[in-house]
Every structure is written in C-alpha cells, then in structure tokens.
Amino acid sequence: MILTLNPKILHFSKSPLSRPSPRFYRSRTTSCKLQNPQDGKSITKTISLSDSAPPISEKTDGGGNGGGGGGGGGFLKRLPRKVLSVLSNLPLAITEMFTIAALMALGTVIEQGETPDFYFQKYPEDNPVLGFFTWRWIFTLGLDHMYSAPIFLGMLALLGASLMACTYTTQIPLVKVARRWSFMKSDEAIKKQDFADTLPRASVQDLGVILMGDGYEVFMKGPSLYAFKGLAGRFAPIGVHIAMILIMVGGTLSATGSFRGSVTVPQGLNFVMGDVLGPIGFLSVPTDSFNTEVHVNRFTMDYYDSGEVSQFHSDLSLRDLNGKEVLRKTISVNDPLRYGGVTIYQTDWSFSALQVTKDGEGPFNLAMAPIKINGDKKLYGTFLPVGDTNAPNVKGISMLARDLQSIVVYDLEGKFAGIRRPNSKLPIEIDGMKIVIEDAIGSTGLELKTDPGVPIVYAGFGALMLTTCISYLSHSQIWALQNGTTLVVGGRTNRAKNDFPDDMNRLLDQVPELIKTSVD
Amino acid sequence: MIFSILEHILTHISFSVVSIVLLIYFLTLLVNLDEIIGFFDSSDKGIVITFFGITGLLFTRWIYSGHFPLSNLYESLIFLSWAFAIIHIVSYLKKKNHLNAITAPSAIFIQGFATSGLLNNMPQSAILVPALQSQWLMMHVSMMILGYGALLCGSLLSIALLVITFRKVGSTFWKNNTKTKFLLNELFSFDVLYYINERNSILLQQNSNFSFSRNYYRYQLIEQLDYWSFRIISLGFIFLTVGILSGAVWANETWGSYWNWDPKETWAFITWTIFAIYLHIKTNRNARGINSAIVASLGFLLIWICYFGVNLLGIGLHSYGSFTSN
C-alpha cells in the first residue's frame, strides 16, 4: 500500500487541464508502485500542444519507416517534390536493395581484378556461360571490378538518395504526428483499436497511475486518457537511416581522400612514409607527417610449440626531418602504430638474408629468394657456391627455410645434410667445410594508410548499432474514456503486437474495482 | 587429458538429451494421448539441460585452449547450437510457446553435423593465427553466430508459414500440385513437423475436430508464425548489425581497412540487406505475411552460403589459411 509520488505526478496534478478529482489521492485502493518514467518529456509543454493538435489521421498511421511519400516542405517546387515522392517509394527502395544484393553476389561469383585475358578464356564468346554471359558483359558493365563499377556505385548512390528522400518525406512527418497526441472522444474510436476492453466500475485516474507505474507517459483531460511508451522505437528508424547515410558519406570520403601503400623492409633499414603512400582519389592531400622516416629496428616472429607462427613483431622508430626520434613502438598484427594520421599495420613478412660463415671466413650475407609462396606456406632458399664461382656448372650448398626458426641444409650433391637453428653457433660439416649459420634476417611487411573517412564511418557505426537496438522497442499507445462508471480502454502497438494484449490484461487486472459508484 | 574426457562427456550429454527431446516430439506426433502432455513439458527441461551441457563444453574448451572457443568451424557450430538453445530459453521464459519444435531439431542437426565424421580434424582445438589474436574475436564472432542462430530460427518459422499457406492452396488444387506439394513437404519436413505438432497441441487443448475451428486455428497459427518470425528476425538483425560493424572495426585494426569486399564480408552484407528488405516489407501493414516470408526463406539460404559456402571454398581473408597475404 505504499505509494511513492514522484515529481512527475505532482506536476501532472498541477496541470490546468487534467483537473483530477480530490478522490484521486484520498481513496485509492491500488497497491501499485510507481516508477519514474524513462522518457523525460515535460508534460505541461505537451499538454499545451494538445489544444491545437488535430487528431491523428488514418493515412499517417502506417508503421515504422518507408511507405508512400507524404508532404514535403512548402518551399519545394513541383518537380523536386515529384522526384522526392518517387525516391521515397518503398517498392523502389526494396528493388534497389535487391539489385545491390544481387550485384554484390555476382561480384563474389565473378573473379575480381584479373587480367583481360583471364576473362577472355573464362567467359568465351563461342561458349557463353548460361547461354548468354560472355566477357563482353563483364567489360561493358565493369563486372571485373564490381565494387568500384559505375553500375554498383550508381545503385548505392540511388539507395542513398532514397534513404534521404524517405527520411524527409515519410519519417520526419511521422515523427511530427507521433509527437502530437490526441484524446479519443468516443467509445467507438477506442473500440476500433487493435486491443480494446471495457471495464465496468473503474476509474480513469486509477488506470492513469497504473500506466505511469508501468513506464507510460500519461496525459489526461477530463474523462479522457492518452498514454504512450517506447516513442524512441518509433524514432529510431530515422536514426538508422541517418547512420546509413553517415556511413555512405564516410565511405565516399575514404574512397576519395585516402593514401595507401605497402612496403617490405629488411630489419635495420628505413623508409620515408611519403615514398610508400600513394593517393587513392582526387581528394587525397598529403600532410606534414609524410616526411617522417620509419626505421625498422627489429623484426621478430613468435612461434607455438608446434612450430607454427603465433605472432609477428616489428620494432619501429619514427624520426622527423631533423632525425629526432618522435615515436617508438613495437607493432604486431592487431596492434598498429598511429602517428599524424598515418597508420602502420603489420601485415606480412619475408626472409631477407642469411648470414653464414664458411671455415671461419665471412660472415657472408646470402640473399634469400622466395621459392614458393602459397598463403603462409612460404619457402625461401639460398645458395652458397663452393669452388670456382666462374665455372659453368658451379656447385654449392643449398639452404632452405620455411621461417626464421630453422634452416635446412643440403650438400653439393643435393642430399640432405642437416637442420640448424640460427644463433645456435653449431657448425655443420659438409665435405670438410664448416658452415655456421650466424643469423637469419627477416623483412617486415608493413601496410601504411591514411583514411580521413574513418571518424565519420565510426560515428555512423555507433549510431547504427544504437538505433538498430532502439528500433526493437515497441511504440505502444493507449486511449481510455470514462463513460459514467464504465471505463473503455483501447490501444495499439507497432511491433510486439502479440505481447501487447497480455501486457494490457496484466495492467487492467490491477485497476481496482470501484465500490462507490460516483465518479466526478 | 581430463579436459578432453570432460569435453567428451559433455558433448554426449548434450547430444543425447537433445535427441531425447526430438524423440518426444515424434512420440507426441504418433501417440495422440493426454498423458503425453507431461512428456511434452519435459522436453523444455531437456533443452535447458542441453543448454548447460553446451555451456560447460564451451567453457572446457576455453580453459584448456586458452582462447575464446570460436576459432574454427567446429567451435562455431557448437556455439550455434548453443545460440539455438538460448533463443529457445529466452523466448520460453518470456512467453510459453512451442518454439522448441524449431530450435530443438535445429540444435540436434547442427550438433550432429559438428560431431559427425564430416569435419574430421576439426574438433582439435586449433592454434590462433596472428590475425585472430584480438579481443574483437569474442565480440565479432559471438555476435555473428548469435545473429545467424536467431535469423535461421526466424526464417525457419517463415518457411513454416509458407508451407502451411501453400498446404491450404494445395488442397484446392490438389491434383495439379501433388508433386510440388510432395517436394515442399520433403524439403521442409521439419517445419511440417512443427505445424502438425502445433496443431496437435492445440487440438489436444481444445478437443475439437471441426473443420471450421481447424481453419480458424490454422489462421491463428499463421499469425503466430508471422509474429514470432518477425520478432526473432528483428532480434537477429540487431546481432548481425553489431557483428558486422564490430568486424569492420576489427578489420580496420588488423587488415588496414574497415571494408575489404572480402567474400565473407560481402555475403554477410548481402544477408543483412535481405533481412533489411524483410523488415521494410513488414512495415507495410497491408502486405501479407507471405511476401515477407518468401524474403525470409531466401535469407535462410543466404545465411548458409555466408556461413558455410565461403568457408568451404576457402577464399578471401576469412579462410585463416593465410596471414593476410593479399
């Protein structure tokens, strides 16, 4: 029987329009506990709106987003309005989405970025795929680079235009309507709702308090009641559309204003950022940080016990024009370096050279050549000539390595001689020669990029995640009218339609039955 | 050693319990008796046991492999059946329903596939390639699999809706459509099972056999299916969105770009687009459930392409055969 009154209720009682009967506070018999409603909207403000608000028309009742075009702004001339109404057409938007999905699927089926010869052979004219599809289609429509093809980008742009048009002509007017609210003055209108019930001997004030306790915003005017909750669920689709537009804008900026480049640097050498970074689009403008020099201090690989690579590390130093070190960081996969808008990623590795000594001579630096590269199954090899290096069929010792960890050595005849680890100092003896593998020098594969679109895209991502979640909420509206001692209640919701009647019944069960039959 | 034994036991427990649950369904189909209702309720407890079994299994793997158990297809399949179990439990807690007629066969099918010989060397917990060593793994993959689970569940409900609707049409054109109907039944036998199941339970409750009430219940069932598939797909769509976006952020940390048009990314985006279309069709009040159901069943196919097809071909950045060698 504890009734906690929050400021909202006091506010509610002061409102000039609600005129609560004194009975409202004195003879209440419900035991519901009130919570502070989540949506913080000033009630007095909204109530003053109600006088001028026309009743919600049938046309704008439609759910969520999309739908046929509504009224645009008055300043627009006829043609743009027509374009808008065409663009905001839901079937058109669905067609666009289907087309984009189909094009993307096609882009994964057709090999991307191959040479023209490849397509001539794979899609020949005399034996078309599916009876009609030849290389001519591919080159006319640019399907060999689908995701930058005019047809694909054009569809995306069209979808973006549809998004904006739909937001402008359909969603925003819907918000205006949803913000207005109106009381229903007749039993019939209330009974027409998706959910309707008639409570004999019940008071509208009791219902108001119970609804408020369940998180509804409640407005009352004489015998009429209007309540809603989950209005954010009604607005969130707009947020989804705006977030999509943000992502598209950010993506465009990324595509036009980025620099990218990759470089393979042996340990101990350096490079200048600006030499590696190449512009992607016409908006790409280099910055001062492009003069920064990157020095690879050390490149190492971590291994699992099974011998597989677990991680790559590159110890990088950044030096400005004066040679002063401005930043030093060890990067690895998933842990890039960021400096002055440039991001340096660890993406690849290579075997640069092998340091060996022969009979105490040297050390010689033998360059390692890639023999077979198939994914991460890399194989590098080098050759140490023995005897007269000018002879036509020079013989020597071959060394092969899959990683920086162990080197396989073959003798002059090509027979397996042994495996040595660099730094082990353990010599291997071949035909009387003592070979010591001193060190294995790796190269780090770095990828550099600047991307001005990332902040916008990330903002879009955040907004999209948030608004998609909020969109799950249902916007529920309830009307009630006191008719003598009978209370007519009706309501509807836009998403959780099946749960709504249950929720309503649960709430209405709490409404106390009046014993005294005089209301107002 | 103890971990692998524990894992073995838990796998068998969850698999056999979910088999028993399925068996109970078949029994309720065959034997239309009142005492079976008790059995029917116990199947929900079965799903709860399965849920704990799989949870234990995942934790065991987590402890002994030292990383979040979502690094290969086997683990993701186990996680998917876990997702089905959790969808069932959550929706059951919210409102008593017979959703497990969809979730239980799905879970058993996925588990059976995961533990069968098809993926021979998969159950060994693999080492993590460098690109996967990130906190994002947990967020991205779990969200994606939860999304797949919810969307699969929702689109299965839509397929069930289609089957039931077509049955109605089929009975009027019985002679012409026998073959198509047969094919449909063959294809969606699980869902027919669902339908019959649902009808049986309703009939049991109502004890009425009039064709009028049958039609009424069929209509109600279609409404229910439509509603549940909408709600579950909406939920799955949220998971998919969060999954794709967290994947994009991760890619920006690892591969140097938030979007690479990698086949898996592209197919996830296609799936996302299709379910976005579904949700847009749903906003139209006058549209019948059947239109959106067709889109959802298309989405069902797309999820499988996205989930398996790309992996089987082993193309792109998501193959994990390579250290981003492109």
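Two strands count as paired if DSSP finds at least two bridges between them; helices (H or I, at least four residues) and strands (E, at least two) are DSSP runs, numbered from the N terminus. By that criterion, strand E3 (residues 224-229) and strand E20 (residues 476-483) of chain A pair in the antiparallel sense over six bridges. The structure is a predicted model, in which local features need pLDDT of at least 70 and side-chain atom pairs count only at pLDDT 80 or more, while totals for chains, interfaces and linings use all residues. Residues are numbered from 1 along each chain as its sequence is written, and chains are lettered from A and ligands numbered from 1 in the order in which they are written.

**Confidence in chain A**

The pLDDT (the predictor's confidence in each residue, from 0 to 100) averages 78 over chain A, with 83% of the residues scoring at least 70. Within chain A, helix H3 (residues 43-50) has the lowest confidence, a mean of 33, and H13(A) has the highest, at 93. Residues 1-73 of chain A have a pLDDT below 50, and this stretch makes 110 contacts in the model beyond near neighbours in sequence. Where pLDDT is low, the predicted coordinates should not be read in detail.

Five strands of chain A form an open sheet in the order E1-E21-E20-E3-E2, with antiparallel pairing. Strand E1 (195-199) and strand E2 (217-221) of chain A stand at the edges with a single partner strand each, so one side of each lacks a neighbour in the sheet. From one strand to the next, the twist averages 15 degrees. Helix H14 (residues 499-510) of chain A lies across E1, E20 and strand E21 (486-493), running at about 15 degrees to E1(A). Axes here are lines fitted to C-alpha atoms, for helices over the stretch in contact, and angles run from 0 to 180 degrees between N-to-C directions.

A further open sheet of chain A has four strands in the order E5-E7-E8-E9, again with antiparallel pairing. Its edges are strand E5 (270-272) and strand E9 (325-332) of chain A; each has a single partner strand, so one side of each is left without a neighbour in the sheet. Strand E7 (residues 293-303) of chain A pairs with E8(A) in the antiparallel sense over ten bridges, and A:His313 in E8(A) is the bridge partner of A:Thr300.

**Contact between chains A and B**

Residues are in contact if their C-beta atoms, placed from the backbone, lie within 7 Å. The contact takes 47 residues from chain A and 42 residues from chain B. On the chain A side, the elements giving two or more residues are helix H5 (90-109), strand E8 (309-319), strand E11 (342-358), strand E19 (433-450) and helix H13 (454-471). H5(A) gives the most, with eleven residues.

**Annotated spans**

UniProt positions are given in the numbering used here, feature names are shortened, and annotations may be inferred rather than shown by experiment. An unreviewed UniProt entry places "domain: ResB-like" at residues 92-354 and 396-504 of chain A. For chain B, the UniProt annotation "transmembrane region" (unreviewed entry) covers spans including residues 139-166 and 228-251.

| Span | Helix | Strand | Distance between end C-alpha atoms |
|---|---|---|---|
| Residues 396-504 of chain A | 22% helix | 48% strand | 89 Å |
| Residues 139-166 of chain B | 100% helix | 0% strand | 40 Å |
| Residues 228-251 of chain B | 100% helix | 0% strand | 34 Å |

How values were computed:
Two residues are in contact if their C-beta atoms, placed from the backbone, lie within 7 Å.
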